[in-house]
Amino acid sequence: MTSLVLGARTPGGVRRPRRRPGRAALRLLPLLPAVVLMAVFLAGPVLWSFYGSLTNQALTGYRAAAPEFVGLDNYTALFGDGQFWKAVVLTVVFVGASAVVGQNVLGMALALMLRATGRVLRSVVSAIVVVAWVLPEIVAAFALYAFFATDGTLNNVLGWFELTGPTWLITFPMLAVILANIWRGTAFSMMVYDAALAEVPPEITEAASIDGATGAQRFLRITVPMIRRAISTNLMLTTLQTLAVFTLIWVMTGGGPGTSSSTLPVLAYQEAFKFAQVGYGTAIATVTLLVGAVFSIVYIRVLKPEVD
Amino acid sequence: MTAMTPTTTSVVTTPRRTPSVASPRRRTGRAFVAVVLIGVGVAFLVPLAWIVLAALDPAATVSVKLPESFTLDNFSQIMTWDQTFRPLWNSAVISGGTAILTVLASVLAAYPLSRYQMRFRKPFLYAILFGTCLPITAMMVPVYALFVNLGLLDNVPGTVFFLTATSLPMAIWMTKNFMDSVPVSLEEAAWVDGAGSMTALARVVVPLMRPGIAVVFIFVFTQAWGNFFVPFVLLFSPGNQPAAVAIYNFFGTYGTIAYGRLAAFSLLYSVPVLVLYLLVQRFSGGSFAMSGAVKG
Amino acid sequence: MRLQTALASAGVLVLGLAACSSGGGGSSDDDSTITVAYQKTAQFHQLDDLLQKAKTEYEAANEGRTIELVPIEAEQDQYFTKLALMNGSPDTAPDVIYEDTFQIRSDAAAGYLLPIDDYLADWDDWDQFLDTAKQAGLGDDGKTYGVSMGTDTRGLYYNKDLFAQAGLPTDWQPESWDDVLDAARTLKEKLPDVTPLNVYAGKAGGEQTTMQGFEMLLYGTDDELYDADSQKWITGSTGFEDSLGFLETIYTEGLAPSLDVALDASVGARVASELLPQGKLAMAVDGSWLPGGWISGDNAWPEWEDTMGMAAMPTQDGQDPGFTSMSGGWTLAVGSQASDPQAAFDFIALALNQENSLKYDTENSQIAVRSDVAEDPEYLGYNPSFEFFSSLVEYTHFRPATPDYSQISSTIQVAAESVATGQADAAQAARTYDDGLVGIVGADATQAAG
């Protein structure tokens, strides 16, 4: 339930006009617990990530006892490793298909359709979609594992139509985890877009309607431009959330078969903890972190959320 | 203006416009929409239905099916301290600790950010915003290495601190926005009475933003409750492991034979967050509803 | 006033954090508590039974001391990961560790284990242990790091009922890989609903894929993984490629389990508790401990004695000595961070005394490594498969004992899975392995097969 949504303009704090010497430091004091916690447990791992990726630390063997500083060796190895580039591609596919396209398009479609249907259907369908999002991630992962398993629900349903389904998690692991992530995350986009659509004054679209614009034209030419900020924010947030997905893939496919569904977080875990190459795994984590950071900066720069 | 606030909407908003006299074309359109919605609803429902039906099925399999007979045996079999209650208790301790610490730290931090004009306020808030976006799961490998050095592995408070630190950026952001909506004029009265800023915060501001604090608390609690990867890497002994990890272990060691019990455990584990979600909706029903929150 | 309140609230919080961080935690640093980390699953409860018993006995004999059992509920591969994570920090490192022999050199090199030679010198029972078992506990430095709990061999299980239905002999001993493949093909043709043969090939299976799977093939060829004389790892061997080729054959011809079963971490448990007992699988290359789970426990299967046949794994073309097997085994080891190593060792000595070793070796179908257990009539009479699996000792091989082995083993698993899934053919997978090998040990520590 990671949720960040555009919010309303807030009244904004009124600042106290007078300043006295020494006061500033005192005023900052309440920030201390939060700053200390974030410095140690948030900035700490980030810095450690950079440092650790420059060592050959291992979980076992001589290099566990005495890791050495190896400079950029891990990165050199990483960029020459086909596995890594495959993971990059899989991550891009996973994020692109499940977040950018899947969750956003389905979320928008649901938001539009729910606004154009009766109250009962609206509450029931939206409640079901939201429950999938509220469930703990590991439970959602089990539910979808069961859904896509060889003797699972999907293949049973196909069986009613005399079709023999493939072993989804083996034959189409990426498709399975992409659909799973759409199932799990669509509610978020749906709610964001629903809130955004509620803000579009009906008079405007009605006016366009009278001018003879079709539904699609009204949507593309009027609605979309009016909610473009919500769209770009949502795209960015779902992208970042999906980039960090581990549990869903780990439970459903374990990154396999082979490495067919090993996205960057899964690859980092495997390299560090299964193959005991902590330094190498840390280098992968650092790259993932940098990708996330770039996205965040783009988001902050492009959208310029007012921090007021 | 795009400040970020929590998703505190009642599921979806009610459209302002209801079509008056439906034309035949519109009626087919509506029927089409209804059919598609029912289809999507069923597709989303089926995996959920599996959890509920398998939990009640004495012979559960991986496929959703109506049990031939209903039973509570799956539940009674897992109703043991080691299997279910201790992990759930650990989850409650970890999530509760995280939520309390986060709320305390973020209310304190939000006050100067909301009330004072400071030179570094803007950069600080941008940094916070940046922090909310970092892919935390990518960090678990370095986090493990850091915890080795801090001597905090398999340590519940250590895990709570980490979870707190990762939820703080979001929580500070939310709390600050909630605090911004509390008028300063009310505190001024307290200042006149000679109260310090912290007293004003405790006596005036916090009571006024109680629903907002509840939203932050529940939000953080739910996130920590559902988190699997962090305790999976940082906590080892069964005495410390929360339900998310216990349930994964159960899947690993009994999974292929005991789907009914797995589903029953999953259900017990999910109920608290579903209840909390309903609570959020109640708290947020009024002033914090997201409807009308997104502007172009 | 204002200052105090602000300071107080910030200070209390920070102090509070510091205060609670010093308390709590799972493994206690308390000298009187010994933490024991070991594996436990639904199928593998025998060790838990043994340690529970030893805990009771130890605590009764040593007033004021506590044994804290820390079962790690995970399949083997995940167990190794969790154990490595725990060992990574002195605070969480257990005092007594259930340690696979192949991990000993690597973990000893990492500084996770404590040499126990001094304690063994004072332990009369140590003379009862066979030499091979003593060697299995050695580190690279020649010191002893683990007390062997038992050893094992591996062979071919086959279902006589299914063999009879397919018109195959029920008293069967293949002489080459081709004999095994022929039988598998016959089974596939006659009994299409039955999986003919399981040889592990999944990455998630961890060491079982390397040892019960790949190495049971490789050590039946003319090649090995490692040249012990030159102390170099071998690249580009025909045997390596042929072994992968065998896996490729059975998985692509549909003679092996479907991939959703084969690649799952639970495949080992399913073979033992589900596929073999339910007659869904006709042949399996697997370990000597399987009957342990059939004799007693949740998955007891009394009919196994009549149903299951056992055969030695043949060499590739029947070359001398005709058959092959692999032996490993587990030990109990003392963690290097143990606060009271003598107490930790005493617990191990108690847990592996004659009575407890007998209990464990019978219940878990281990080949006894204490001569006073191996000769015990109760041991010999307990499990009719002991005689057969003990007879394989003459053909058996041990894994290369080097600190790098565990990482190299992971690379083998990757190669095996890539041919089973068809993502690479045997030659490609063998090349990938060679590259990975050089990456781990360096080019100097390898030699081309010759």
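In this predicted model, the C-alpha centres of domain 1 and domain 2 of chain C lie 28 Å apart. The domain assignment places residues 3-152 and 328-398 of chain C in domain 1. Domain 2 of chain C takes residues 157-326 and 402-448. Across the boundary, 33 residues of domain 1 of chain C are in contact with 36 residues of domain 2 of chain C.

On the domain 1 side, the elements giving two or more residues are helices H3 (76-87), H4 (101-109) and H19 (385-391) and strand E14 (396-398) of chain C. H4(C) gives the most, with five residues. By class, this side of domain 1 of chain C has ten nonpolar, 16 polar and seven charged residues.

Chain C also holds an open sheet of three strands, in the order E7-E8-E15. The pairing is mixed. Strand E7 (226-227) and strand E15 (446-448) of chain C are the edges, and each pairs on one side only. E7(C) and strand E8 (residues 232-235) of chain C are antiparallel and share two bridges. C:Tyr226 has C:Trp233 of E8(C) as its bridge partner. Helix H21 (residues 426-441) of chain C packs on this sheet and touches E8 and E15 of chain C. The direction of H21 makes about 160 degrees with that of E8(C).

A further contact joins chain A and chain B. Chain A brings 106 residues to this contact, and chain B brings 99 residues. Helix H16 (residues 278-303) of chain A supplies the largest share of the chain A side, 13 residues. The chain A side that touches chain B has 72 nonpolar, 21 polar and 13 charged residues.

Definitions and conventions
Residues are numbered from 1 along each chain as its sequence is written. Chains are lettered from A and ligands numbered from 1 in the order in which they are written. This is a predicted model: local features need pLDDT of at least 70, side-chain atom pairs count only at pLDDT 80 or more; totals for chains, interfaces and linings use all residues. Two residues are in contact if their C-beta atoms, placed from the backbone, lie within 7 Å. Helices (H or I, at least four residues) and strands (E, at least two) are DSSP runs, numbered from the N terminus. Ala, Val, Leu, Ile, Met, Phe, Trp, Tyr, Cys and Pro count as nonpolar, Asp, Glu, Lys and Arg as charged, and the others, Gly among them, as polar. Two strands pair if DSSP finds at least two bridges between them. Axes are lines fitted to C-alpha atoms, for helices over the stretch in contact, and angles run from 0 to 180 degrees between N-to-C directions. Domain bounds come from an automatic or database domain assignment.
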